[in-house]
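Let's take a friendly tour of a protein model, one feature at a time. Have the sequence and the 3D view ready as you read.

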Amino acid sequence: MNIIWDSNTLKKIANADFNIKWEATGLEIDSRNVKKGDLFCAIKGKNFDGHDFISGAIKNGASACLISKENHQVLNVAYSKVRNVPEALVAMARDARKRSNAKFIAITGSVGKTGTKEIFKTGLSKVTNVFVNERSFNNHLGVPLSLSRIPYSAKFCVLEIGMNKRGEINKLSKLVKPELAVITAVEKSHLQGLKNLKNIAIAKSEILDFIPKEGCIVFNKDTNFSELINDKANRLSIKNRISYGKESTANIKLINYKFNNNYYVIHAECFGKKILWKMPAIGEHWILNSLALIGTSVHFGLDLDKILEGLSLFNLPSGRGNKIK
């Protein structure tokens, strides 16, 4: 595997002092998931302190640890020490974003983020080298961690961006700097902090703040306040705006779908051109999520036939769409 981090680089970008020179092929914050060659980042949380699990990380194969304090577990272990590990992780994320040649896609929405990301992974992998965040890593720790894991070989990077309050998506979008953003839905999932759907739509549309003018927004035409999202993109002079859904004026429009031999056969229009593909019979919302991928493929000029072929191979991610009796 290729080296993605080393002690000298962390010294340069995060003022991280090291005891022994080290190199790492991956990054992890959970000692149980450490693989051989990983840099284990010891983060102190509300309930646990990563510094207490350094021995376990080393036992699992960590090549070094990123720490903010020393204890007996770092004796004879390669480490880099910083004042604050999460802040160092953000510095690493910025550096990884700066040096990467990948196209960056950010996905947000009240629902559908993880499913849409997995659909993007399946479809894009048919035509290019794609990197996506693990599971639902979409918060103040998950996004920097995911950015810091980007391999040099990635041509596309697809990341979820989540939130609990206003300003969080803006902050994470500034870190990701996406060329293209997807907004899947505006629903009643953050009412405790944001009070109403309009405030949720305003918060979700923060993902547009760092898209370049020649970039693209792909948004669900059927969702609440879709026009608010489109209007903001217009005010920001974002050149490319692609809508999808069942609504008659959507650029990528679902026409119908039928069940046949354990698959949905799906008919849609892509900027007026009729297209057809199949997907496992797992629910209409997954079909609608796939429309966002089609819009993205059009923007980047990817081989749509191969993308659609990839969708027939889509499998539900763990914990999604489970049937419980």
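The sections below cover a helix, some salt bridges and a charged patch.

## Before we start

This is a predicted model, in which local features need pLDDT of at least 70 and side-chain atom pairs count only at pLDDT 80 or more, while totals for chains, interfaces and linings use all residues. Residues are numbered from 1 along each chain as its sequence is written, and side-chain values use heavy atoms, with hydrogens and water left out.

## A covered helix

Let's begin with helix 4, which runs over residues 113-124. Helices here are DSSP runs (H or I, at least four residues) and strands are runs of E (at least two), numbered from the N terminus. From its first C-alpha to its last, helix 4 reaches 16 Å, close to the 16 Å expected for its 12 residues at 1.5 Å a residue. That expected span is 1.5 Å times one less than the number of residues.

How many of the 12 residues of helix 4 are buried? The count is 11, so the helix is mostly covered, because buried means under 20% relative accessible area (exposed is over 50%, partly exposed in between, with a 1.4 Å probe and protein chains only). Among the buried residues are Lys-113, Glu-118, Phe-120 and Leu-124.

## Salt bridges

Side chains of opposite charge can pair when their charged atoms come close. A salt bridge is counted when a side-chain nitrogen of Lys or Arg lies within 4 Å of a carboxyl oxygen of Asp or Glu. The whole structure has 18 of them.

In one, the closest N and O atoms of Glu-87 and Arg-83 are 2.6 Å apart. Glu-87 is partly exposed at 44% relative accessible area, and Arg-83 is exposed at 68%. Another salt bridge joins Asp-209 and Lys-232 at 2.8 Å, N to O. Asp-209 sits in the loop between helix 8 (197-204) and strand 12 (216-220) and Lys-232 in helix 9 (residues 226-235), so this pair ties together parts 23 residues apart in sequence. Asp-209 is partly exposed at 29% relative accessibility, whereas Lys-232 is buried at 14%. There is also a network of salt bridges, linking Glu-28, Glu-134, Arg-135 and Arg-149.

One member, Lys-171, lies in helix 6 (residues 168-176) and counts as exposed at 64% relative accessibility.
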